[in-house]
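Hello,

Here is the structure we talked about. Please open it alongside this email, and read the notes below with it on screen.

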Amino acid sequence: MPTRRRLTVLNAPGGFGKTTLLAECSRHLRDDGIPVAWISVDEQDEPEVLDTYIAFACQSAVAGTSDGQESPATLDHGEALSGTESRTAFAMREVASLELPFVLVFDELERLPDPDSAALLDFLLKRGPANLHLAFACRQLPSGVDIASALLEGRAAMVSAEELRFSRTEAAEFFDRKLSRARLDTLMAESAGWPFALRISRNELDSGGRGDARAAQEIVENWVESRLFPGLGAEERDFLLDIGLFEWMDAALLDEVLERNDSLLRIKTMSVLVGMLEPVQSEGTDVWRLHPLIREHCLRRRFRETPERFRAIHRRIAHALARRGQTASAMRHAVDAGEPALAGDILERAGGVRLHASEGSVEFQAADAQLTEDVIQGRPRLGLVRCLSLLLSGRTEEAKERFRSLAPSLDANGADGGDAALDLSVERCTVRGVIALYGGERLGGELLQSHLVEVARLAESPRVDRVTRGIMEFSLAMAGTMSANFEATLNRCARARQYFAQSRYMLAFIDLQEGQVAMARGRVREAAALYRRAEQVAKARYWVGPEPATLCRTLLGELALETGRTAADAELTDMPETLLTGSSPFQAFTAASGAVIDYKLRDEGVERALAVAGEMLDYVRGAALPALVRYVAGLKVSLLATAGRIAEGEQAWASDDLPESTAECLDLESQTWREMEALSCARLRLLIGQARFEDARDFAAELCAGAAERGLTRTVMRALVLSMVLEVAAGDAAAATKHLESYLRVFAKTPYTGPLVREREACTPLVSKFLAVNPDATRKETARLLFEAMERASEPPLPALTVREREVLERLETQGDKQIAEALGLSVHGVRYHLRNLFEKLGARTRGEAVRRARERGVSAGES
């Protein structure tokens with residue numbers, strides 16, 4: 001139902017029932033008194049036309065659900081539309097005045113080519129009233145509408161073709177369970193759950209036919225043969241069968257493959273193709289694809305009539321697309337030509353594992369999916385491709401085992417020192433680096449250290465191409481970031497930028513490395529600017545691969561937590577799904593897990609934070625990620641110490657084989673700075689909890705000095721705060737105040753409130769007393785800012801309830817839904833809509849729990 005979120009997107013090809021599904025939802029909503037406006041988009045819908053359509057549709061929808069009540073002002077009043085205000089803006093004010101959700105549906109949205117029209121939809125998505133719910137049905141996502149942000153922020157849901165595709169159980173239900181198991185198996189194998197094919201089969205069954213998927217094929221074939229092919233000459237028919245072999249096409253590709261020079265003219269003059277060619281988004285070139293129904297028929301017909309031509313055209317398409325750099329598509333056509341070995345050749349010529357850096361994870365894994373084990377056998381470069389694909393899929397142990405098994409062939413093929421051997425060495429080095437990064441290898445481990453030696457060698461080799469050299473420089477920059485060798489990081493980043501000057505995608509990753517350096521050094525504005533710049537690129541390439549956008553969101557959430565500027569769109573309250581279901585790169589996972597645990601601690605208490613830390617620890621142990629195990633174990637021990645469960649903390653420390661000495665905790669040669677920080681803070685909290693104050697003082701001083709030497713301002717601030725906690729526990733107020741003064745001096749340049757907010761229970765009285773007695777106006781103002789941040793964090797977050805939600809809440813304990821609806825002049829569906837919002841905001845599952853939670857948190861009907 002579109003009312004469950006801000007935006008619902010149905011994105012699928014034709015025949016998947018997008019329009020039917022939205023129409024059915026709209027009917028149910030209208031039956032419940034919810035206004036629904038429907039707009040079917042047309043290519044001619046320029047901004048002014050679309051503006052009028054939206055206003056008219058909204059007015060009609062409101063009028064259709066007014067139930068005799070006075071409706072809002074009509075939209076054609078001259079005074080309402082005076083000046084430059086759009087009709088849509090006026091309509092949205094009227095929508096906002098409703099006491100109900102309002103649904104606005106846009107069907108066939110792929111037909112909206114005008115960027116200004118798309119901007120109008122983006123305006124509705126970002127600035128429309130709170131009760132506006134948008135639903136898009138489209139075959140391809142419209143450019144100019146920032147759907148990616150809404151998805152990342154959890155305000156939108158995407159329904160894809162795979163979700164609209166019927167499962168076996170759903171297909172059985174659709175056929176009223178009248179099909180035998182064998183018949184259902186056949187139906188699913190041939191229809192693949194495609195709703196249109198199932199609908200045809202169901203019609204066939206209802207009319208006494210076979211009721212299997214062949215009926216759909218026959219109906220399509222009958223339609224094509226009777227409606228499409230009559231009147232076509234032999235040459236036109238051949239042309240149509242040929243273009244059915246293309247996944248997508250443009251005039252140049254058709255001319256090249258079909259060895260002609262009039263393809264565009266032929267397409268434009270064949271009337272039977274009107275409505276059968278679907279436009280595909282492209283920059284400046286007309287690109288089409290044949291309707292899937294027609295394409296499948298043409299594929300079958302061409303293969304039956306002339307199998308040699310079928311294979312020859314697929315082969316030509318594969319070579320043509322490979323020359324264009326469309327690697328995965330080229331490989332699919334090679335496989336369709338019956339030449340899987342050619343698919344392997346194409347991938348090797350495209351760079352093998354280097355395709356991941358240039359095209360992203362989605363394209364890379366699509367290419368790997370075309371490789372069979374027979375093709376991979378004896379071709380070590382393709383074996384490395386499969387290794388990398390396994391890593392990106394989260395199958396780390398399988399990837400490591402395959403990499404080990406490849407060692408003999410890699411050594412043998414790389415022994416001659418020629419160009420081929422150099423390429424193999426580069427790709428082997430790349431995969432080994434990703435194993436270290438995604439496999440959570442220890443920084444001081446043999447694998448990572450030998451890898452860095454090889455990377456440095458390749459980065460300086462004059463025989464290596466510029467892109468490869470850039471990748472090697474970037475790898476060294478990452479190593480510098482992780483080990484807190486920040487000057488080396490920045491130098492490597494500067495060199496990598498020279499090699500990636502034309503690749504915004506790789507420049508975004510460099511921005512993220514430099515941003516992490518700035519964050520660790522406490523340079524807030526610099527970090528935020530670098531993260532935001534990278535985020536713009538990541539969002540634009542979100543559909544190529546979600547990892548960069550996830551990393552951007554993670555790092556921005558972490559920075560927001562440190563500074564206390566926790567806007568709703570920046571808070572990282574749950575682990576990003578991509579870090580738990582696929583690969584888990586070290587930097588992203590550590591930043592995300594640390595931030596999520598701190599948010600849970602702040603908002604839900606230490607026990608909930610411990611539960612989340614336990615789940616994370618189970619995950620990284622199960623995935624065999626040693627460095628992440630140490631890091632998350634350190635976070636858990638810190639939480640146990642915070643909860644006062646010191647003995648449990650010591651037991652956990654020993655069971656996870658964490659450092660035995662303070663020197664090992666502080667070591668930055670064999671572990672990353674994030675591990676060092678997490679483990680050192682955990683060890684310090686345990687020492688404080690055990691009242692080993694002298695040991696704690698010595699350790700805190702070493703931590704502070706070591707962090708300052710490496711430029712780890714964030715870590716210095718954590719050490720200073722824990723030093724305050726230490727002295728408060730030891731009863732030395734003067735020493736605690738001295739550490740507070742040191743913190744205030746750092747805070748003047750680095751506004752990180754997070755460390756002090758976390759320890760607010762121990763530090764609030766200290767800061768309060770400092771404010772009362774300190775005459776220095778400058779330091780007093782800084783301390784006041786920190787005190788206010790601690791006070792805000794101590795207050796339970798009050799949910800922001802609308803007026804209508806408060807009215808429903810006020811009646812919830814004594815009235816049922818129908819009584820509340822009558823009292824407030826709403827439909828029952830409208831009451832339940834507000835009730836769902838109340839449950840979500842109050843974290844309740846029942847009416848009684850909602851009332852109780854509201855009282856506990858001081859939310860009453862009279863409050864804003």
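**V62 in helix 2**

V62 sits in helix 2, which spans residues 47–64. Is V62 buried or exposed? V62 is buried, because its relative accessible area is 11%, under the 20% cut-off. L98 is 36 residues away from V62 along the chain. The C-alpha atoms of V62 and L98 are 8.9 Å apart.

**The chain overall**

Please keep in mind that this is a predicted model. The chain has 864 residues, and 53% of them are buried. It contains 46 helices and seven strands. Take the contacts in the chain with a separation of 6 or more: 66% of them are between residues 24 or more positions apart.

**Helix 33 and its two partners**

Packed helix pairs come next. Two packed helices are described by the angle between their axes and the distance between the axes.

Start with helix 33 (residues 626–642) and helix 36 (residues 673–689). Their axes come within 8 Å. They cross at roughly 30 degrees. Helix 33 and helix 36 are therefore roughly parallel, since angles under 35 degrees count that way. Their crossing is left-handed. On the helix 33 side, the contact is made by A627, R630, Y631, G634, L635, V637, S638, A641 and T642. On the helix 36 side, it is made by R674, E675, A678, L679, C681, A682, R685 and L686. By class, the residues in this contact are ten nonpolar, three polar and four charged.

Now look at helix 33 with helix 34 (residues 646–655). Which way do helix 33 and helix 34 run, parallel or antiparallel? Their axes come within 7 Å and cross at roughly 165 degrees. Angles over 145 count as roughly antiparallel, so helix 33 and helix 34 are roughly antiparallel. This crossing is left-handed too. V637, L640 and A641 of helix 33 meet I646, E648, G649, A652 and W653 of helix 34. The contact of helix 33 with helix 34 has six nonpolar residues, one polar and one charged.

**Salt bridges**

Side chains of opposite charge can pair when their charged atoms come close. How many salt bridges are there? The count comes to 75.

E24 is partly exposed, with a relative accessible area of 37%. R27 is partly exposed as well, at 40%.

*E514 and R497.* The closest N and O atoms of this salt bridge are 3.0 Å apart. E514 lies in helix 27 (residues 504–521) and R497 in helix 26 (residues 486–499), so the pair ties together parts 17 residues apart in sequence. E514 counts as buried, at 14% relative accessibility. R497 counts as partly exposed, at 22%.

*E759 and R685.* This salt bridge is 2.7 Å from N to O. The pair links distant parts of the chain, 74 residues apart. E759 is in the loop between helix 40 (754–758) and helix 41 (760–773), while R685 is in helix 36. E759 is buried, with a relative accessible area of 11%. R685 is buried too, at 13% relative accessibility.

*The network.* Which residues are linked in a network of salt bridges? They are E558, E562, R674, E677, R714 and R718.

**T713 in helix 38**

One more residue to look at. T713 is in helix 38, residues 713–730. T713 is buried, because its relative accessible area is 18%, below the 20% limit. What does T713 touch, leaving out residues up to four places away in sequence? T713 touches A520, R521, G522, V746 and T750.

Best wishes

Notes
Residues are numbered from 1 along each chain as its sequence is written. This is a predicted model: local features need pLDDT of at least 70, side-chain atom pairs count only at pLDDT 80 or more; totals for chains, interfaces and linings use all residues. Side-chain values use heavy atoms; hydrogens and water are left out. Axes are lines fitted to C-alpha atoms, for helices over the stretch in contact, and angles run from 0 to 180 degrees between N-to-C directions. Helices (H or I, at least four residues) and strands (E, at least two) are DSSP runs, numbered from the N terminus. Angles under 35 degrees count as roughly parallel, over 145 as roughly antiparallel, 65 to 115 as roughly perpendicular and the rest as oblique. A crossing is left-handed if the near helix is turned anticlockwise from the far one by less than a right angle, and right-handed if clockwise. Contact means heavy atoms within 4.5 Å. Ala, Val, Leu, Ile, Met, Phe, Trp, Tyr, Cys and Pro count as nonpolar, Asp, Glu, Lys and Arg as charged, and the others, Gly among them, as polar. A salt bridge is a side-chain nitrogen of Lys or Arg within 4 Å of a carboxyl oxygen of Asp or Glu. Buried means under 20% relative accessible area, exposed over 50%, partly exposed in between (1.4 Å probe, protein chains only).
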